Structures are given as C-alpha cells and as structure tokens.
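Dear colleague,

Please find the structure below, handed over for your records.

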Amino acid sequence: MNLSSFDLNLLRVLDALLHEQSTVKAGERIGLSQPAVSSALGRLRHALNDPLFVREGQRLVPTEYARSLEFPLRHILDDVEALLAGPASFDPAKAEQSFKISGSDFFAEMLMPSLANALSRLAPKIQVQLVDLVPDNYVGTLERHGIDLAFVPKIDFPTWTDNAPAFRSRFVMIARRGHPRLEPAEVREGEIVPIGLFCDLGHVVFSPEGKLKAMGDAALARIGRERRVVMTMPVFGGVINAVAGSDLVALLPEQLARKVAPRLGLAIYTPPMPINPVLICMIWHRRNTNHPTHRWLRDLVLELLAPLNEDEERT
C-alpha cells in the first residue's frame, strides 16, 4: 500500500468500528453518518486487502487481521492527539471528567471515603467509579474495560503503561474475639499463632476467581505445610463478615484489618510463616501520563493512600 495515497482519516473510522462494532455507533462516535462510515469501510477493505469485519446479527465482528490492528492503532491515534493538544491550564474546581478506578473492595474502605471528601471540596464536577478487578487480566482492564487507574501488586508491567508505587502491606490473621480454639490455647492478640493450630483452623480465602490457594498457601508450601481452606470470597467484605460471624479465620492486609477490627469485634494475630509484604502499584495507560486532570487525580490518590505506608511502618 502506498502511504501517500492513503487517507489517514480512515484510521479514525477503523478505530471507531473496532471499538463499537457497528457502523451506526461508530458514526455517532466520530460525527459521521452511517452511509459515510460504510463507504469508509469499503475503502479500508480495498486499501488493506482484508474484509476487516464480518456481520453476525447486528454486530460487525473484526477479522483476526483487524483485531491485530486494534491496540497499535489506538496507541498511534493517542500519540497524535497528545501531540496536537499542546499545553493546557488546569483548574480542578472547573474540571468535568469521569474516571474509572479498578481495584478490590479494599479501596472502597481505605480510599473512597477520603477521596469523596477531597473531591467534594476541590473538584466537585469530577466523577469517580470504583469497579471490580477483572480476574486473571488486571493490567488488561486498562485497555479492554476503559479503566483509567488500576491498583495491582507489583509485576513487570507492559511498556504501554506507566505506574507509581502506592503502598506496601503485610498480612495478618483475623479471628473473632473469644475464638473457641485460640483463647484456650492462650494465644493473645498480636502474638504468633502456632503453626499446627494455624493450619488446622478453617480459613476463608479472598479470591475474585474462586481459587483455593493464595499467597498464604505459597508461604506455607515453602516450609512444607498447608492450611485447611473451607471457603473463598470474591470481596474482602465477605471474608471479614464470614470471620466475624463464625469460627473461621483469614489472612488480611494489615491496614484493612486494623481499620475494621474494632467495630466488628475481631482480633488480629501474627501468622506463623513469613509472608513477603506486597507492594501495591497504581498503573495507568501511558497515553494519560501528561493529561492534566488525570495527573491531578493520580497525585491526589497517592496523597490519600500515603498514610497506609505510615501505618505499615509503625507496626
């Protein structure tokens, strides 16, 4: 294909079609009529020598070739938009934008109340939605589900993302006060639970995917032991309530445990095996790194989460 004869405006049409999978909705997205989008699709098919989309009912399903273009094309268009946007002044009090933050319900307890208070004072027109993590594809949520910020454990992040460390957390064991096995064993709050007792207790595991093993099990396996998992929960709130209303126990991030323990009558203990603290990072698509509103929200969120590091250091 000769680039000099290719209409680069067709790339906006292709991007909209990949996102909407409908000529009508794609037209609405970029301000073109449905016939104009259909005409552009015909020109794209000829230029790229591929059908690009096949119809299934009311949907246009992209071919494998079209799918392979989706992310590289989006990145190119984002870079062009950023190049042409130029510098902009920013006033949070006047900013109007909606953001989706992906994270577990840990953040519903430990971030969202303080964020709500800060936004009401500083940026009342900004809207924030906390949405569930997508199991097994946490980083992919940035692309597939239109997520602006995601909180995930530190990994080797893809090059198309940027990230910042948010906080580090240790794990503790929670149980209801007066637990019928911990109290007779004279294990006091804050003390290390004997390994045999720890493994024999019934455990609730936090797992959005319903997995029966987590970081605690990997730590036990390193010393040749395993615990008795009897339940999994997709949210921390479910884990906490199950422990508060039964003789089950659970491993929980220490900051969350200390926040909820007093009001739910929970006791906090030290696990018998070493569990490496987890570094939680805030990640986002690099196309948003220099966006003024996005940058302001990132800085605010990190400021609100900073005390979690101080809590971890004090314990």
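**Findings**

Arg12 is located in helix α1. Please note that the model is a predicted one. Apart from neighbours within four places in sequence, Arg12 is in contact with Ile30 and Leu77. Between Arg12 and Glu254 there are 47 Å in space, C-alpha to C-alpha, and the two are 242 residues apart in sequence.

Helix α1 covers residues 9–20 and packs against helix α3, residues 34–48, at an angle of about 105 degrees. The axes of the two helices are 10 Å apart. Angles of 65 to 115 degrees count as roughly perpendicular, and α1 and α3 are therefore described in that way. On the α1 side, the contact is formed by Leu10, Val13, Leu14 and Leu17; these meet Val37, Ala40, Leu41, Arg43, Leu44 and Leu48 in α3. Sorted by class, this contact comprises nine nonpolar residues, one charged residue and no polar ones.

Turning to the nonpolar cores, the largest has 45 residues, of which Leu115, Phe151, Ile174 and Leu305 touch the most other members. Helix α12, residues 292–314, contributes the most to this core, with six residues. There is also a second, separate core of 20 residues, which includes Val37, Leu44, Leu48 and Leu60. Val37, Leu44 and Leu48 are also among the α3 residues that meet α1.

With kind regards

Definitions and conventions:
Residues are numbered from 1 along each chain as its sequence is written. This is a predicted model: local features need pLDDT of at least 70, side-chain atom pairs count only at pLDDT 80 or more; totals for chains, interfaces and linings use all residues. Side-chain values use heavy atoms; hydrogens and water are left out. A nonpolar core is a set of buried Ala, Val, Leu, Ile, Met, Phe, Trp, Tyr and Cys residues joined through side-chain atoms within 4.5 Å. Buried means under 20% relative accessible area, exposed over 50%, partly exposed in between (1.4 Å probe, protein chains only). Helices (H or I, at least four residues) and strands (E, at least two) are DSSP runs, numbered from the N terminus. Axes are lines fitted to C-alpha atoms, for helices over the stretch in contact, and angles run from 0 to 180 degrees between N-to-C directions. Angles under 35 degrees count as roughly parallel, over 145 as roughly antiparallel, 65 to 115 as roughly perpendicular and the rest as oblique. Contact means heavy atoms within 4.5 Å. Ala, Val, Leu, Ile, Met, Phe, Trp, Tyr, Cys and Pro count as nonpolar, Asp, Glu, Lys and Arg as charged, and the others, Gly among them, as polar.
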